[in-house]
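Please find below my notes on the structure. They are set out as numbered points, for reading alongside the coordinates.

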Amino acid sequence: MAEIVLHQYATSPYAEIVRTAFGVKGLAWRRVEQPNIMPRPYLTPLTGGYRRIPVMQIGADIYCDTGVILREIDRRFPDPPLTSAQASGAVWAMRNWAERAWFAATVAIVFGARGESVP
């Protein structure tokens, strides 16, 4: 089995979702720390310029986007499943809402209230 590598920066909430999935499935993986802002000279050649974090690498395969990464983890390592087949549509809809509407609103509030203390 090829090694699982997660390219991330330490404070990424999206990387935390993927790390949690690795833990639920009991997978061995390693982290490659990336800068939280561009440039990312070691990651950019792998992704063709994709700018977001995290990025998962398994052998020569590269997966961008948290949702794509979670689906691939579940496909390759089905036990235990991250969600039941009956609830999968609702789970992905909830994740989509949380990542877009809720997270964007939260970031705006945090930066508005505490922007001076955020690196």
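**Notes on the predicted model**

1. R76 has a relative accessible area of 25%, so this residue is partly exposed. The side chain of R76 meets that of E72 in a salt bridge, with 2.6 Å from N to O.

2. R76 and E72 are four residues apart in helix α3, which covers residues 66-76, and so they are separated by about one helical turn.

3. How many salt bridges does a search of the whole structure find? The search finds seven. As background, side chains of opposite charge can pair when their charged atoms come close.

4. Another of the salt bridges joins E3 and R30, whose closest N and O atoms are 2.8 Å apart. This pair links distant parts of the chain: E3 sits in the segment before β1 (4-8), R30 belongs to strand β2 (residues 30-33), and 27 residues separate them. E3 counts as partly exposed, at 46% relative accessibility. R30 also falls in the partly exposed class, at 40%.

5. A salt bridge is also found between the side chains of R31 and E33, at 3.3 Å from N to O. Are these two residues buried or partly exposed? R31 has 48% relative accessibility and therefore counts as partly exposed. E33, at 41%, is likewise partly exposed.

6. On the overall layout, the secondary structure comes to four helices and four strands. Read along the sequence, they follow the pattern β-α-β-α-β-β-α-α. The C-alpha atoms fill a box of roughly 45 × 35 × 25 Å along the principal axes. The protein has 119 residues, and 30% of them count as buried.

7. The packing of α3 against α4 can be described by their axes, which come within 11 Å and cross at roughly 150 degrees. The two helices are therefore roughly antiparallel to each other, because angles over 145 degrees are placed in that class. Their crossing is right-handed.

8. The loop between α3 and α4 contains P80. At 36% relative accessibility, P80 counts as partly exposed. Where does P80 stand relative to S12? The two residues are 68 residues apart along the chain, and their C-alpha atoms are separated by 25 Å.

9. A nonpolar patch on the surface is made up of M94, W97 and W102. Together these residues have about 390 Å² of accessible area. One of them, W102, lies in helix α4, which covers residues 88-114. W102 has a relative accessible area of 48%. This value makes W102 partly exposed, because the exposed class begins only over 50%.

How values were computed. Residues numbered from 1 in each chain as written. Predicted model: local features only at pLDDT ≥ 70, side-chain atom pairs only at ≥ 80, totals over all residues. Heavy atoms only, no water. Salt bridge = Lys/Arg side-chain N within 4 Å of Asp/Glu carboxyl O. Buried < 20%, exposed > 50% of the residue type's maximum accessible area, 1.4 Å probe, protein only. Patch = residues over 30% accessible without salt bridge, like charges linked within 9 Å, V, L, I, M, F, W, Y side chains within 5 Å. Areas by Shrake-Rupley, 256 points an atom, 1.4 Å probe, with all protein chains shown as cover. Axes fitted to C-alpha atoms, helices over the stretch in contact; angles between N-to-C directions. Parallel < 35°, antiparallel > 145°, perpendicular 65-115°, else oblique. Left-handed = near helix turned anticlockwise from the far one by under 90°.
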